[in-house]
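I opened this notebook to keep track of what I looked up, item by item, with the terms spelled out as I went.

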Amino acid sequence: MKRVRIHAGNVGLVFKNGDYARVITQGNHWLGFNESVITYSLTTVFNAPKALEILLEDQALANMLHVVNVEDNQMVLVYTNNNFKQVLTAGQYTFWNTLVDYKFVTVDLSKIEITENISKSLYTNMQLRQYIRSFEVAAYEKAIMIVDDKFDKILDHGTYHFWRNNQTIKIAKADLRQLQLEVSGQELLTKDKAAVRINFYAQYKVIDIETALMQNKDYEKQLYTSLQLALRAYVGAYTLDELLEQKDQIAKAVLEDVKAQASKLGVNVLHAGMRDVILPGDMKDIMNQVLIAQKKAQANVITRREETASTRSLLNTAKLMEDNSMLFKLKEMEYVEKIADKIGEITVAGNGNVIEQLKDIFSVNK
């Protein structure tokens, strides 16, 4: 016989000739011949020294243990005193239930949705994050979720977390803001075979994300091609002069033509415009010469118009002077006054009839 003491927070398993006999708790105990004891801490995981099924036949021991069985498509989150402790993968585990308050949350890994009552703060925990995959959709985006290459649902902005398993998850995003598409440097021929380079733009928004991403591949490239073809068709139907004069109307026509195609892409085209019409160097010189000639012709027309108006005014004045001798004398005096302004000194010489001559000049013959 020998006596053993089990201290507080511990428990002992007694074996006789290698076979499990009983469980002993805190206090002093006597052991018989061929009996031995293995002491365990109640705060640690219980690792059975023998087959667990044999030990659990003792109801007293079974009442002191949590037995957790984790299947292949499961994992279990272990909490001690309401604090996350560890993750259990497939297997069988036992914990003492007398001293520490354990909580076990079973996770079904055959699904991807996280439906278990788990705090989001644990998603970044080092032990747990290897079992979670995360996706972020920005505030100005929407996304479609594809599970095992099948459309699942549309995701609004936010951060999403899913269990990591053998199912594949793909997230395709689309920007919902107003976007601008540039169709730059397009080398086109007008109706009169003039080569021009055009810079065109369109502003658009994605309105149906499922149509844009699931039913169309590279919807932006398809929209670009639609704009390019519509622009080419309309520019080819106008002469160079008509193109330069009606570029705003052409842009509106292109916009209306493309809208129908864009709706099939899940896109709404809001506005379109022709930014630049660039001519080749030689064509530019010719256009400048034509412009200079037009301006010169306009200047000549204006000059002739003014000369005609001036001549007509002189003719009208002459007719009035012819009919009115007083007006003629006033005109003479006006010119004499202008001449006098430029004369500093007058010397009078003659045969004594100067006064008479001046009187003749400034008198009105009746």
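**Entry 1**

The model is predicted, so local features need pLDDT of at least 70 and side-chain atom pairs count only at pLDDT 80 or more, while totals for chains, interfaces and linings use all residues. Residues are numbered from 1 along each chain as its sequence is written, and side-chain values use heavy atoms, without hydrogens and water.

I noted that helix 4 (residues 219-235) and helix 6 (residues 247-263) pack at about 140°, their axes 9 Å apart. The two are therefore oblique to each other, the term for angles that are not under 35 degrees (roughly parallel), over 145 (roughly antiparallel) or 65 to 115 (roughly perpendicular).

For the contact (heavy atoms within 4.5 Å), I found Leu223 and Tyr234 among the residues of helix 4, and Ile250 and Asp257 among those of helix 6.

I then turned to an open sheet of 3 strands in the order 8-7-10, with antiparallel pairing; strands pair if DSSP finds at least two bridges between them. Strand 8 (83-88) and strand 10 (102-108) are at the edges with a single partner strand each, so one side of each has no neighbour in the sheet. I also recorded that strand 7 (residues 74-80) is joined to strand 8 by 5 bridges, and that Val76 is opposite Leu88 in strand 8.

Notes
Helix = DSSP H or I, 4+ residues; strand = E, 2+ residues; numbered from the N terminus. Axes fitted to C-alpha atoms, helices over the stretch in contact; angles between N-to-C directions.
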